[in-house]
Amino acid sequence: MKVLLLKDPKDKDSGPDPYIKELGLYGFEATLIPVLSFEFISLESLFEKLSHPESYGGLVFTSPRALEAIKICLKENSKNEAWSKSLIQRWNTKPAYVVGKATASLAEEIGLMPQGEKSGNAEKLAEYICSREKPSSSALLFPCGALKREVLPTVLREKGVPLESLTVYQTAQHTDLQESLSSYFSQQSFVDCSVGYSSPSGVRFCLQHIQKLSGDFINHIKFAAIGPTTAEAMEAAGIPVGCTAESPTPLALAAGIQKALHLQNC
């Protein structure tokens with residue numbers, strides 16, 4: 001079984017991509033096609049806020065991209081020095097809430113001590129935060145993308161937990177997406193193929209291209225979601241969700257696809 005994952009591959013310098021590796025262990029031949037491109041913005045404003053941990057009750061990250069924005073800031077020597085000498089220690093007296101292992105890993109890379117990574121999605125992370133924060137607490141700083149979902153801010157607002165959002169990146173379709181999809185499907189049978197979406201944005205940017213390329217064969221493609229939020233976006237777009245990974249991890253996706261195929265064969 002061939003598996004096409006519509007997501008960014010892991011940085012080549014940090015070893016083989018964990019999704020390709022894990023799917024391979026389950027007997028799947030996986031290919032990754034990047035769907036999104038990102039433009040980082042408001043970085044000076046971001047670091048200005050990070051320079052005043054006393055003004056906030058903690059940090060919230062629902063995307064690896066928000067942490068990449070901080071890493072870009074820290075490439076400047078003076079900012080990196082300030083972060084290493086005092087800011088990181090002061091932030092680590094406060095919670096750094098994250099959703100998912102990938103986001104937690106990037107948080108650890110810059111010295112933070114993340115919590116909440118097992119939440120798996122914004123809804124559950126919001127519940128986790130509300131169970132630990134008081135309405136009278138200082139605002140949580142929330143670096144986020146322009147296309148962020150409003151679930152987490154809405155839940156926190158309803159519970160009276162203050163949140164200060166700052167948009168630090170914008171999302172667009174990857175410039176090579178259409179060409180990459182055309183190249184992949186020109187060499188691949190639609191019948192023996194599973195397509196995994198990793199984000200609602202991926203659904204929005206890829207669906208029309210896949211529909212056009214597959215035509216009447218689209219019903220033969222088995223679709224998988226890396227997480228319930230993406231599954232909801234797929235269902236809203238009319239895509240039949242064959243399986244949803246129980247958590248946004250390579251192991252959960254591989255196990256989910258194998259289980260779904262086994263049930264279909266039965």
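Helices (H or I, at least four residues) and strands (E, at least two) are DSSP runs, numbered from the N terminus. This is a predicted model, where local features need pLDDT of at least 70, side-chain atom pairs count only at pLDDT 80 or more, and totals for chains, interfaces and linings use all residues. Residues are numbered from 1 along each chain as its sequence is written, and side-chain values use heavy atoms, with hydrogens and water left out.

**Exercise 1. Lysine and isoleucine in a helix**

Task: find which helix holds lysine 79, and decide whether lysine 79 is buried or exposed.

Solution. 
Step 1: Locate the residue. Lysine 79 is part of helix H4.
Step 2: Learn the cut-offs. Buried means under 20% relative accessible area, exposed means over 50%, and partly exposed is in between (1.4 Å probe, protein chains only).
Step 3: Apply them. The relative accessible area of lysine 79 is 10%, so lysine 79 is buried.
Step 4: List its partners. A contact means heavy atoms within 4.5 Å. With neighbours within four places in sequence set aside, lysine 79 contacts Glu44, Phe47, Cys73 and Leu74.

Now try isoleucine 88: where is it found, and what does it contact?

Step 1: Isoleucine 88 sits in helix H4, which covers residues 77-91.
Step 2: Its relative accessibility is 10%, so isoleucine 88 counts as buried.
Step 3: Apart from neighbours within four places in sequence, isoleucine 88 meets Trp83, Ile110, Gly111 and Leu112.
Step 4: Compare sequence and space. Isoleucine 88 and serine 51 are 37 residues apart in sequence, and their C-alpha atoms are 9.6 Å apart in space.

**Exercise 2. Two alanines**

Task: for alanine 30 and alanine 231, name the element that holds each residue.

Solution. 
Step 1: Alanine 30 belongs to strand S2 (residues 29-32), while alanine 231 belongs to helix H10 (residues 228-236).
Step 2: With 13% relative accessibility, alanine 30 is classed as buried. Alanine 231 is buried too, at a relative accessible area of 6%.
Step 3: Not counting residues up to four places away in sequence, alanine 30 touches Val3, Ile20 and Leu23. Leaving aside neighbours within four places, alanine 231 is in contact with Ala225, Val241 and Thr244.
Step 4: Check two C-alpha distances. From alanine 30 to glutamine 208 there are 178 residues in sequence and 22 Å in space. From alanine 231 to serine 189 there are 42 residues in sequence and 24 Å in space.

**Exercise 3. Residues in loops**

Task: say where lysine 10 and serine 42 lie.

Solution. 
Step 1: Lysine 10 is in the loop between strand S1 (2-6) and helix H1 (18-25).
Step 2: The relative accessible area of lysine 10 is 37%, so lysine 10 is partly exposed.
Step 3: Beyond residues up to four places away in sequence, lysine 10 touches Pro16, Asp17 and Pro18. Lysine 10 and leucine 32 are 22 residues apart in sequence, with 9.6 Å between their C-alpha atoms.
Step 4: Serine 42 is in the loop between strand S3 (36-40) and helix H2 (43-50). At 34% relative accessibility, serine 42 counts as partly exposed.
Step 5: Look at the backbone. Most residues other than glycine have a negative phi. Phi of serine 42 is near 55°, a positive value in a residue other than glycine.

**Exercise 4. The whole chain**

Solution. 
Step 1: The protein chain has 11 helices and 11 strands.
Step 2: Its radius of gyration is 20 Å, close to the 18 Å that the globule rule gives for 266 residues, so the chain is as compact as a globular protein of that length. The radius is taken over C-alpha atoms, and the rule is 2.2 Å times the number of residues to the power 0.38.
Step 3: The C-alpha atoms fill a box of roughly 55 × 40 × 30 Å along the principal axes.
Step 4: Buried residues make up 45% of the 266 residues.
Step 5: Among contacts with a separation of 6 or more, 72% join residues 24 or more positions apart.
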